[in-house]
Amino acid sequence: MATQAHSLSYAGCNFLRQRLVLSTLSGRPVKIRKIRARDDNPGLRDFEASFIRLLDKITNGSRIEINQTGTTLYYQPGLLCGGSVEHDCNVLRSIGYYLESLLCLAPFMKHPLRIVLRGVTNDQVDPSVDVLKATALPLLKQFGIDGESFELKVVRRGMPPGGGGEVLFSCPVRKVLKPVQLTDPGKIKRIRGIAYSVRVSPQMANRIVDSARSILNKFIPDIYIYTDHMKGVSSGKSPGFGLSLVAETTNGTFLGAELASNPQGQGAAVLPEDLGRNCAKLLLEEIYRGGCVDSTNQSLALLLMTLGQQDVSKVLLGPLSPYTIEFLRHLKSFFQIMFKIETKPCGEELKGGDKVLMACVGVGFSNLSKTLK
C-alpha cells in the first residue's frame with residue numbers, strides 16, 4: 001500500500017464516497033473541508049457518518065478526525081481487513097449507497113468479506129439491491145472476481161421511511177484483476193425484472209407487471225417479471241412497492257432501470273400502473289444510451305480498469321454521467337491515471353445515443369494484504 005502520500009485536499013460535501021473509497025485503495029490520506037459550511041445545519045449528515053463508521057469497520061488502523069461542527073474531515077486509510085461484519089445503515093439513504101462503495105473495496109480485503117447490512121433496501125435515490133445484484137455482480141465477474149462465496153441476497157425488504165430491510169453480501173478476495181475488452185454490447189435478448197410489494201396488497205405487484213409488459217412486449221417476447229411479495233417480519237416497517245428491470249444482451253451486458261413508490265406520508269400516491277409504465281420507459285432510455293455497462297455502474301467499471309494489471313483495458317460506455325466525469329478527475333488525482341476517450345457517433349453499427357470508448361493501462365494494483373494459501 002502506498003504510504004508516500006501527501007494528503008489530498010477537497011472542499012464541499014459532494015462525492016464524499018468517491019474520495020474516501022479512492023483514498024482507501026490508493027493509501028493516500030484525504031482532507032475534506034467546508035462540508036456544508038454555509039448550511040443552516042452544517043457538517044456531515046447522519047448517513048455520511050454511518051458510511052465513515054462502515055469504512056472504519058472494514059479497515060484496520062484507519063485514522064479519522066472530524067472537527068466539532070462536522071465541517072472538516074481528515075481520513076488516513078488503514079489496511080482493508082474484511083471478515084464478518086454487521087452494519088446498521090442510516091435510513092435516510094438506502095443500502096445501495098453503502099453497497100456501491102463495498103463493491104469497489106471488497107475484492108481487495110485481507111479476508112473475504114461477509115457483511116450483513118440493515119436498513120432501506122429500495123428507495124428513489126440510490127440504486128436498489130436488486131439492480132446492483134443484476135448489473136454490478138456480472139460486471140465484477142468480467143474482471144475475474146467470482147466464486148461460490150460471491151453473492152448478494154435480500155433477506156428482508158425495507159422501504160423508507162422506516163427501513164427494516166436486511167441484505168447479505170459476501171465477496172471473495174483477488175490478488176490481481178484481469179484486463180477486459182468490452183467493446184461490443186450485442187443485441188438485447190431478454191428482459192427480467194422483479195416487482196416487489198411490502199405491506200400493501202399483493203395485487204399491486206401484478207398490476208405493475210401488466211403495465212410494464214404493455215410497453216415492453218412491443219419490442220421483445222422474452223420478458224419475465226417476478227413478483228416478490230414479502231409478509232410479516234420480512235416486509236420491513238413501511239409500506240411500498242416498486243419495480244426493477246434488467247435487459248440482458250447476447251454478449252452478456254446487463255442494463256438496469258428501476259422505480260419505487262413515494263415513501264409513506266411524502267408526496268402524492270403513485271398508481272402501480274403509472275410506475276410500471278414509467279419504469280419500462282426508463283429501461284428503454286437506458287438501452288438507448290447503451291454501452292457495455294449501464295449508467296449506474298460506469299464508475300465501478302472505470303475503477304476496476306484502473307486497478308487492473310499493466311495491460312490495456314477497453315470499455316464502451318453510453319454518454320458519461322456527471323458522477324462518472326467527476327470520478328475520472330478523482331482517479332487522476334489519486335492514481336495519476338489518464339483514460340483515452342474516443343467518441344463513437346451512433347451510425348450503422350451502434351444504435352441509440354453517442355457512445356464513448358474508454359481505454360487505459362491499469363496501474364498494476366496488487367492486493368498485498370491477501371493471505372497466501
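I began with the UniProt record, where an unreviewed entry places the feature "domain: RNA 3'-terminal phosphate cyclase insert" at residues 183-287. UniProt positions are in the numbering used here, feature names are shortened, and annotations may be inferred rather than shown by experiment.

Two notes on the ground rules. This is a predicted model, in which local features need pLDDT of at least 70 and side-chain atom pairs count only at pLDDT 80 or more, while totals for chains, interfaces and linings use all residues. Residues are numbered from 1 along each chain as its sequence is written, and side-chain values use heavy atoms, with hydrogens and water left out.

**Entry 1**

I looked up the make-up of residues 183-287 and found 29% helix and 34% strand, with the end C-alpha atoms 15 Å apart. Helices (H or I, at least four residues) and strands (E, at least two) are DSSP runs, numbered from the N terminus. For "domain: RNA 3'-terminal phosphate cyclase", also from an unreviewed entry, UniProt lists residues 10-341. That span is 31% helix and 28% strand, and its end C-alpha atoms lie 26 Å apart.

**Entry 2: strand 16 and its partners**

Which strands pair with strand 16? Strand 11 (residues 181-182) runs parallel to strand 16 (residues 312-317), joined by 2 bridges, and Leu 182 stands opposite Val 315. Strand 18 (residues 355-361) pairs with strand 16 in the antiparallel sense over 6 bridges; there Ser 313 has Cys 360 as its bridge partner. I count two strands as paired if DSSP finds at least two bridges between them.

**Entry 3: cysteines**

That bridge partner sent me to the sulfurs. With a disulfide taken as a pair of cysteine sulfur atoms within 2.5 Å, the count comes to 0 disulfides. For Cys 171, the nearest cysteine sulfur is that of Cys 104, 11 Å away. For Cys 360, the nearest is again that of Cys 104, at 15 Å. Cys 171 is buried at a relative accessible area of 1%, and Cys 360 is buried at 3%. Buried means under 20% relative accessible area, exposed over 50%, and partly exposed in between (1.4 Å probe, protein chains only).

**Entry 4: helix 1**

How many residues of helix 1 are buried? I found 11 of the 11, so helix 1 is largely enclosed by the rest of the structure. Among them are Arg 17 and Arg 19. Just after helix 1, Gly 27 takes a positive phi of about 80 degrees.

**Entry 5: cavity and pocket**

On a 1 Å grid over the protein atoms alone, a cavity is a set of points where a 1.4 Å probe fits but cannot get out, and a pocket is an open set with protein on both sides within 12 Å along at least five of seven lines; lining residues have an atom within 4 Å of a point. Grid points are joined across faces, edges and corners, and a volume is the space filled by probe spheres set on the points.

The largest pocket has a volume of about 840 Å³. Its lining has 33 residues, with Glu 100 and Asp 126 among those nearest the centre. Here the largest share, 5 residues, comes from strand 15.
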